[in-house]
Amino acid sequence: MAIVLTEPSRTFSEYLLVPGYSSADARPENVSLATPITKFKKGEEPKIKANIPLVSAVMQAVSDDGMAVALAKEGGISFIFGSQSIESQAAMVKKVKSYKAGFVPSDTNVKPDSTLADVLAIKKNSGHSTVAVTDDGTGHGKLVGLVTSKDYRISRLSTDTKVSEFMTPLENIVYGNAGITLSEANDIIWENKVNQLPIVDKDGCLVAFVFRKDYDSHKQNPNELLDDNKSFIVGAGINTRDYEERIPALVEAGVDVLTIDSSEGYSEWQARTLKWVREKYGDTVKIGAGNVVDKEGFDFLAKSGADFIKVGIGGGSICITREQKGIGRGQASAVLEVAAARDEWFEKTGEYIPICSDGGIVYDYHMTLALAMGADFIMLGRYFARFDESPSAKVMVNGNYMKEYWGEGSARARNWQRYDLGGDSKLKFEEGVDSYVPYAGSLHDNVNLSLDKVKSTMCNCGVLSIPELQQNAKLTLVSATSIIEGGAHDVVLKDNSVATVRR
Ligand code: RVP
């Protein structure tokens with residue numbers, strides 16, 4: 001006889017938070033959103049933590065090296081998509097790990113015998129105002145001079161004048177030696193009142209620039225997520241097919257944390273993958289697993305050794321798994337049950353295995369609800385796909401800017417490993433769609449606005465950290481009519497775009 005769960009499977013929009021007592025200390029600037037990413041024993045610290053509870057989805061349209069750098073600057077983690085060759089995924093990881101915050105490789109370079117016309121063309125194309133002059137015209141050639149707009153007057157200088165005749169030569173340039181820290185570089189910039197500092201190696205070759213303007217942007221990112229070597233933390237997705245080749249390449253590239261990317265994680269394939277990782281690397285390689293939607297799934301992956309467990313089947317904005325296969329669970333119900341299983345596991349074993357609510361976040365308040373329901377962090381696809389930093393194209397559709405966003409189970413992504421059930425057959429039907437999402441601007445602005453809302457709600461609930469929110473949140477189900485009450489209603493809005501009238 002089938003088991004029938006009579007409680008409906010619920011989504012985030014079916015709940016609200018009931019405010020708690022807020023003391024005078026309950027102010028957004030006192031809220032910490034730091035959260036564990038990988039498991040830890042009672043009384044110990046997790047190996048990997050994030051400073052904000054947001055991670056970007058393992059998707060072609062979302063998480064490449066550019067997104068990873070932008071999100072790590074804000075304190076979160078990207079999981080670089082695995083539906084690409086091992087070499088190109090490892091190269092993306094390497095790019096993130098070798099990105100030195102504040103040290104910018106030079107992409108506007110000329111040779112001494114280039115002309116003013118060349119300099120003007122490079123500046124026009126790049127929008128940059130500093131051009132390095134190197135012996136071979138590359139960003140890593142021997143530095144011989146610099147050209148900035150102070151070095152020439154277009155009205156007085158013929159455009160065929162050679163760069164060597166008007167550049168500032170090396171002997172008049174302040175530069176730093178490779179190996180100095182960002183703070184040392186900034187000290188040199190301030191002491192010498194220069195706008196940029198070329199960094200050169202022992203052979204005099206250009207390594208990078210540090211710019212005065214970046215000093216301010218560095219200050220703007222107090223949450224940036226760095227490892228012990230001051231490189232950004234980065235994650236990557238893997239599958240249960242080619243892990244024996246893919247994981248060593250990603251580890252070699254310096255990846256900090258992996259996740260098995262699969263639509264359904266309560267499977268022997270995941271247990272085999274986790275076992276292989278433990279046998280080969282012990283606990284040194286951190287790997288999450290999933291996705292599951294109930295206690296049985298959580299317990300299985302916990303026993304199999306996962307470092308964190310992802311929750312959610314069929315709730316993603318581009319996901320049609322529920323329609324195609326009739327499997328899944330409302331995201332709120334799934335998170336609530338798995339969070340209870342995590343707490344029970346912690347009670348029993350003293351091991352805290354963080355859970356990640358994956359997919360289905362539509363409004364910013366859904367983030368707070370997911371955390372209140374017990375998620376330690378949240379994976380988002382649609383949300384990040386809308387920003388400048390996502391890898392997909394920005395296109396104009398009916399007069400509005402959109403970004404392309406497609407599911408990993410769509411024919412476009414062809415990520416059939418994600419839906420792998422073993423055997424040789426390739427998947428015969430799609431579980432995801434190809435779509436547009438409204439373009440929303442920069443990641444920095446949006447993430448900060450969303451998290452300001454999260455912090456503000458936490459203050460209304462009288463809590464200053466995610467664990468406190470998880471322990472003290474009071475949630476209430478909402479009726480269909482109270483949802484109407486929650487929006488603007490019984491007024492005619494002045495911009496006339498939405499007029500809500502009493503029915
Ligand atoms: P969302 O944030 O609602 O866009 O959901 C993103 C999540 O959707 C991903 O992290 C992944 O779990 C899931 N996904 C990705 N591709 C597909 C699909 O094609 N069905 N689903």
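The C-alpha centres of domain 1 and domain 2 lie 41 Å apart in this predicted model. Domain 1 covers 33–100 + 224–394 + 443–473, and domain 2 covers 103–211.

**Helices α1 and α2**

- Helix α1 spans residues 65–74 and helix α2 spans residues 86–98; the two pack at an angle of about 35°.
- The axes of α1 and α2 are 9 Å apart, and α1 passes α2 in a right-handed crossing.
- On the α1 side, the contact is made by Asp65, Ala68 and Val69, which meet Met92, Lys95 and Val96 of α2.
- Sorted by class, this contact of α1 with α2 has four nonpolar residues, two charged residues and no polar ones.

**Strands β5 and β6**

- Strand β5 (residues 54–56) pairs with β6 in the parallel sense, over two bridges.
- Serine 56 stands opposite serine 78, a residue of β6.
- Strand β6 takes in residues 77–80; from it, Ile77 and Phe79 point one way, while Ser78 and Ile80 point the other way.
- All of these β6 residues are buried, on either side of the strand.

**The sheet β7-β8-β9-β10**

- Four strands form an open sheet in the order β7-β8-β9-β10, and the pairing is mixed.
- At the edges are β7 (109–110) and β10 (168–169), each of which pairs on one side only.
- Strand β8 (residues 131–134) pairs with strand β9 (residues 143–147) over four bridges, in the antiparallel sense.
- Within this pair, alanine 132 stands opposite leucine 146 in β9.

**Strand β22 and its partners**

- Strand β22 (residues 400–406) is largely enclosed by the rest of the structure, because five of its seven residues are buried.
- Strand β21 (residues 394–397) runs antiparallel to β22 and is joined to β22 by four bridges.
- Valine 397 has asparagine 400 of β22 as its bridge partner.
- β21 and β22 form a hairpin with two residues between the strands, and in this hairpin asparagine 398 takes a positive phi near 50°.
- Strand β23 (residues 434–438) is also joined to β22, by five bridges, and these two strands run antiparallel.
- Glutamate 404 stands opposite tyrosine 436 in β23.

Notes:
Residues are numbered from 1 along each chain as its sequence is written. This is a predicted model: local features need pLDDT of at least 70, side-chain atom pairs count only at pLDDT 80 or more; totals for chains, interfaces and linings use all residues. Side-chain values use heavy atoms; hydrogens and water are left out. Axes are lines fitted to C-alpha atoms, for helices over the stretch in contact, and angles run from 0 to 180 degrees between N-to-C directions. A crossing is left-handed if the near helix is turned anticlockwise from the far one by less than a right angle, and right-handed if clockwise. Contact means heavy atoms within 4.5 Å. Ala, Val, Leu, Ile, Met, Phe, Trp, Tyr, Cys and Pro count as nonpolar, Asp, Glu, Lys and Arg as charged, and the others, Gly among them, as polar. Buried means under 20% relative accessible area, exposed over 50%, partly exposed in between (1.4 Å probe, protein chains only). Two strands pair if DSSP finds at least two bridges between them. Domain bounds come from an automatic or database domain assignment.
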